Amino acid sequence: MGIDSLSSGTNTLIVASGYTSGTPISGSSTFAGQTILSMGLIPGSYTFTWATDSVTINIIASTYTIGGNVTGLTGSVTLQNSGGDDLVVGADGAFTFATAVNDGGAYAVTVSAQPAGQTCTVTNGSGTVAGADVTNVAVACVDNAPLTYSVGGNATGLTGSVTLQNNGADDLVVGADGAFSFATPVNDGGAYAVTVSVQPAGQTCTVTNGSGTIAGADVADVAVDCVDDPVVGPGPGGAAAIPTLPLPGLLLMILGILAAAGVQRRATAN
C-alpha cells in the first residue's frame, strides 16, 4: 500500500493488485527515489473514503536534531533556531537545540543575546535538514575591544608652559590657560593620576581632582592652578626688595637691621 500525489494535487491511495473492497489492507507499495515531501505530502492524518469503505493513514515525518560547537566563550550566549527554541550555552563545547526539525525542513541558527564583553558569530548556521542530524554549526566568540575614555581638565593662572603627566607618562605640555586632554585614553575601570612633571618658569602649579578611576565617561574635571613664585632679589631702581617672610621672621629681620644701625652710630661717634 502507498500514497501517490497526482499533478492535480489529489492524493491517491494505491493498493495491491486484486484487492477486494472490505478486505483489511496489508502490504505496501514503494516509490523509487521519492520521499513524503517530494510527493507533496506533509506529516499528518489522511483519510480515504470510497463507497462504504475508508482508510486513515498517519504520516509521521522523520526528525533530526540541530547543533554544533561553541569556542572562545567566557560567559553565556543565547542561541535561537529559526527565531525560537532559545538555548543558553555557558561554556565551550557541543550544543544541541531541544526541538528537532522535520526531514527537509529549514534551520537557521542565530545569536539572540551576546555574552558580556564578547561578540559571537555563527557559521554553517542555516540550511535544510537532509536525513541526518546537523552537527556542524560553529559559534565562535571573541573578546570585545575595551571601552576607553579621555582624561583632561582645565589650567588657570598659567603664564608660561607646564608639563603634565598621566600615570607617570603621556607627557602633555600646556602653554596657556584653558582646557587640556591627554593623548592616550584610559580603559574603562582603569586608574588615572595627573601630576606636574615640569613647573613653568617663575610659577608653581598644583593639581586637584587629579586621580581616580574611569567610570564609563570621559574625565574633564582635573584642575591645574598656577601661581607666581615669591619675588626675591633687587627691587625697582636697584634697591633690595624685602623678601616675603612670615610675620615673626620679618620682625626679627627688622630688629636685626635696627641693631646693626645702632652699632654703626656708636662707632661713628667714637
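The link between Cys-120 and Cys-141 is right-handed, with 105° about the S-S bond. Its two sulfur atoms sit 2.0 Å apart, and a disulfide here is simply a pair of cysteine sulfur atoms within 2.5 Å. Cys-120 belongs to strand S12 (residues 118–123) and Cys-141 to strand S14 (residues 134–143), so the bond ties together parts 21 residues apart in sequence. Strands (E, at least two residues) and helices (H or I, at least four) are DSSP runs, numbered from the N terminus. Both Cys-120 and Cys-141 are buried; buried means under 20% relative accessible area, exposed means over 50%, and partly exposed is in between (1.4 Å probe, protein chains only).

A word on the model: it is a predicted one, where local features need pLDDT of at least 70 and side-chain atom pairs count only at pLDDT 80 or more, while totals for chains, interfaces and linings use all residues. Residues are numbered from 1 along each chain as its sequence is written, and side-chain values use heavy atoms, with hydrogens and water left out.

The structure holds 2 disulfides, and the other pair to report is Cys-205 with Cys-226, at 2.0 Å from S to S. This link is right-handed as well, with 105° about the S-S bond. Cys-205 lies in strand S22 (residues 203–208) and Cys-226 in strand S24 (residues 219–228), so parts 21 residues apart in sequence are tied together. Cys-205 counts as buried because its relative accessibility is 4%, and Cys-226 is buried too, at 7%. With the bonded cysteines of the protein chain numbered in sequence order, the pairing reads 1-2, 3-4.

On to the strands. Four of them make an open sheet in the order S8-S7-S11-S13, with antiparallel pairing; strands pair if DSSP finds at least two bridges between them. Strand S8 (84–89) and strand S13 (126–128) are the edges, each pairing on one side only. Neighbouring strands of this sheet are turned by 25° against each other on average, direction ignored, using axes fitted to C-alpha atoms. S11 (residues 106–113) and S13 pair in the antiparallel sense over 3 bridges, and Tyr-107 has Gly-127 in S13 as its bridge partner.

Finally, the surface. Leu-251, Leu-252, Ile-254, Leu-255 and Leu-258 form a nonpolar patch with about 510 Å² of accessible area together. Patch members have over 30% relative accessible area and no salt bridge, with nonpolar side chains joined within 5 Å and like charges within 9 Å; a salt bridge puts a side-chain nitrogen of Lys or Arg within 4 Å of a carboxyl oxygen of Asp or Glu. Areas come from the Shrake-Rupley method with a 1.4 Å probe. Leu-251 lies in helix H1 (residues 247–269) and counts as partly exposed because its relative accessibility is 47%.

Methods. Axes are lines fitted to C-alpha atoms, for helices over the stretch in contact, and angles run from 0 to 180 degrees between N-to-C directions.
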